[in-house]
Amino acid sequence: MKNIILLVFLCCFACKDNSKKDSVKEGEGQVERSEKTINDVALTIYNFEELNPLLHVKDDNIHVINFWATWCVPCVKELPHFEKLRTEYASKNVQLLLVSLDFPNVYDSKLKPFILKHNIQSKVVALNDPDSETWISKISTTWSGTIPVTLIYNKDKRKFYETPFTYEELEAEVKTFLK
């Protein structure tokens, strides 16, 4: 029962928006469609124990991990900033991972079509682990449970951000990790 209440809370209240705009208008601008179908969209589904090693990679890269969902307006609004960062910083060993917190019953009906529609080229995985009371604090003891949140780390430094980003803010934070 406790988990059901938490899931309802996440659905209704956990989407944090620090901007002054109330919504993002869908359909603005042209989206180039690819020939891919929903079944062609690669989506790896992890429970927390399977995802956890990706949150602690010890290599020479800067890892940017964003937790988001298709139903979260500020999450959707900031996704193009992460895509731009991936493109502009790939040569500087910046690795991006988008962790969807969408519910499993919408992977095919909402998440995969969203990835196609928005031409997301970053690696997207889904976290399917209903025991969020356990894993949220393992990602950050300061995480209240709202999204979007971002974890940026390298082998020497780790920072957690419980706020949506503009591109300029995201780029400025990543630059603090560059040597």
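Predicted model: local features only at pLDDT ≥ 70, side-chain atom pairs only at ≥ 80, totals over all residues.

**Contacts and burial**

At 38% relative accessibility, Lys155 counts as partly exposed, where buried means under 20% relative accessible area, exposed over 50% and partly exposed in between (1.4 Å probe, protein chains only). Residues are numbered from 1 along each chain as its sequence is written, and side-chain values use heavy atoms, with hydrogens and water left out.

Me: With which residue does Asp60 form a salt bridge?

Reply: A salt bridge here is a side-chain nitrogen of Lys or Arg within 4 Å of a carboxyl oxygen of Asp or Glu. Asp60 is exposed, with a relative accessible area of 58%. The closest N and O atoms are 2.6 Å apart, and the partner of Asp60 is Lys155.

Me: How many residues apart in sequence are the parts that Asp60 and Lys155 tie together?

Reply: Helices (H or I, at least four residues) and strands (E, at least two) are DSSP runs, numbered from the N terminus. Asp60 sits in the loop between helix 2 and strand 2, and Lys155 in the loop between strand 5 and strand 6. The pair therefore ties together parts whose separation in residues is 95.

Me: Which residue does Glu49 meet in a salt bridge?

Reply: Glu49 counts as exposed at 52% relative accessibility, and its partner's side chain comes to 3.8 Å, N to O. Glu49 lies in helix 2 (residues 48-51) and the partner in helix 5 (residues 132-139), so the pair ties together parts 89 residues apart in sequence. That partner is Lys138.

Me: Which residue in strand 6 is the bridge partner of Ile152?

Reply: Two strands pair if DSSP finds at least two bridges between them. Strand 5 (residues 149-153) and strand 6 (residues 158-161) run antiparallel and are joined by four bridges. They form a hairpin with four residues between them. For Ile152, the partner in strand 6 is Lys159.

Me: What is the relative accessible area of Asn66?

Reply: Asn66 lies in strand 2. Contact means heavy atoms within 4.5 Å, and, leaving aside neighbours within four places in sequence, the contacts of Asn66 include Phe82, Leu98 and Pro148. Asn66 is buried, and its relative accessible area is 0%.

Me: At what distance does the side chain of Asn66 make a polar contact with the side chain of Thr150?

Reply: A polar contact is a pair of N or O atoms within 3.5 Å; within protein, one must be able to donate a hydrogen and the other to accept it, and residues adjacent in sequence count only if both atoms are side-chain atoms. With the side chain of Thr150, the distance is 2.9 Å.

Me: Is the disulfide of Cys72 and Cys75 right-handed or left-handed?

Reply: A disulfide is a pair of cysteine sulfur atoms within 2.5 Å, and Cys72 and Cys75 are joined at 2.4 Å, S to S. Both cysteines are buried. The torsion about the S-S bond is about 75 degrees, so this disulfide is right-handed.
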